[in-house]
Amino acid sequence: MTKAAKFDAFLAENKITCFAKEEVKNDLHTVVYRAHMEVSGQMLPTMVVADDSIYTMIQVRVAASVVNEGNKQAVLEHINAMNGKYKVFKYYVADNGDICLDSCLTDTEESFDPRLVHTVIDVILRHLTEEYPNLMSLVWAK
């Protein structure tokens with residue numbers, strides 16, 4: 001059973017219907033699951049990427065095109081401090097000014113556990129519920 005098939009079964013078994021599934025035609029048989037996390041009244045684009053590699057990726061776009069020269073230093077210092085504190089995910093600023101949060105799980109087709117993916121998403125959601133206002137206050141300060 002592929003990672004995607006296992007994740008599909010987990011979603012169906014647990015009646016989780018928020019993910020839209022997209023199969024990508026490539027050599028790794030990539031499947032992208034897209035959803036949104038509601039945090040502080042904002043809908044944050046979230047995706048899970050499963051494929052034939054040893055990685056399963058979870059990504060949340062925390063804020064789109066918000067980092068600029070006026071707030072960049074404060075935002076980078078803050079996310080760097082959080083990156084030193086949290087092990088299961090890391091923040092970065094994309095070239096277009098997006099603030100992203102990534103979690104990379106290592107697994108194989110045999111060892112893939114969709115419950116772990118679900119748990120990490122829950123950890124990220126709890127973290128963002130607490131941290132999002134602090135981060136956004138730095139974004140909008142300048």
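Start by selecting Lys90 and looking across to β6, where Asp102 stands opposite Lys90. Strands here are DSSP runs of E, at least two residues long, while helices are runs of H or I of at least four residues, and both are numbered from the N terminus. You are looking at a predicted model, in which local features need pLDDT of at least 70, side-chain atom pairs count only at pLDDT 80 or more, and totals for chains, interfaces and linings use all residues. Residues are numbered from 1 along each chain as its sequence is written, and side-chain values use heavy atoms, with hydrogens and water left out.

**The β5 and β6 hairpin**

Stay where you are and show β5 and β6 together. These strands run antiparallel and are joined by four bridges; two strands pair if DSSP finds at least two bridges between them. Now follow the chain through the hairpin, which has five residues between the strands. Click on Gly97 there: Gly97 takes a positive phi near 90 degrees.

**The whole sheet**

Zoom out and color by strand. Six strands make an open sheet with antiparallel pairing, in the order β1-β2-β3-β4-β6-β5. Which strands stand at the edges? Select 20-23 for β1 and 90-93 for β5: each has a single partner strand, so one side of each is left without a neighbour in the sheet. From one strand to the next, the twist averages 25 degrees (axes are lines fitted to C-alpha atoms, for helices over the stretch in contact, and angles run from 0 to 180 degrees between N-to-C directions).

Next, pick β4 and β6, which pair in the antiparallel sense over eight bridges. A handy landmark is Val60, which stands opposite Leu101 in β6.

Bring the helices back. α1 packs on the sheet and touches β1, β2, β3 and β4, with its direction at about 40 degrees to that of β2. α2 also packs on the sheet, touching β5 and β6, and its direction makes about 160 degrees with that of β5. Touching, or contact, means heavy atoms within 4.5 Å.

**Into the core**

Show side chains for Val62, Tyr91, Ile99, Ile124 and Leu128. Of the 36 residues in the largest nonpolar core, these touch the most other members. A nonpolar core is a set of buried Ala, Val, Leu, Ile, Met, Phe, Trp, Tyr and Cys residues joined through side-chain atoms within 4.5 Å. For burial, the cut-offs are under 20% relative accessible area for buried, over 50% for exposed, and partly exposed in between, using a 1.4 Å probe and protein chains only. Elements that each supply at least two core residues include α1 (3-13), β3 (42-50), α2 (72-85) and β6. The largest share, nine residues, comes from α3. As background, nonpolar side chains tend to be buried together in soluble globular proteins.

Now center on Val62. Apart from neighbours within four places in sequence, Val62 is in contact with Leu44, Tyr91, Ile99, Cys100, Leu101, Leu128, Tyr132 and Leu135.

Move to Thr56 in strand β4. Buried or exposed? Thr56 is buried, with a relative accessible area of 0%. Its side chain makes a polar contact of 2.9 Å with that of Asp107. (A polar contact is a pair of N or O atoms within 3.5 Å; within protein, one must be able to donate a hydrogen and the other to accept it, and residues adjacent in sequence count only if both atoms are side-chain atoms.) Asp107 sits in the loop between β6 (99-106) and α3 (114-140), and is buried too, at 9% relative accessible area.

**Arg34 and the cysteines**

Select Arg34 in strand β2 (residues 31-39). Arg34 counts as partly exposed, at 41% relative accessibility. Its side chain has a polar contact of 3.3 Å with the side chain of Glu22. Beyond its sequence neighbours within four places, Arg34 is in contact with residues including Cys18, Phe19 and Thr46.

That brings you to Cys18, which is partly exposed at 49% relative accessibility.
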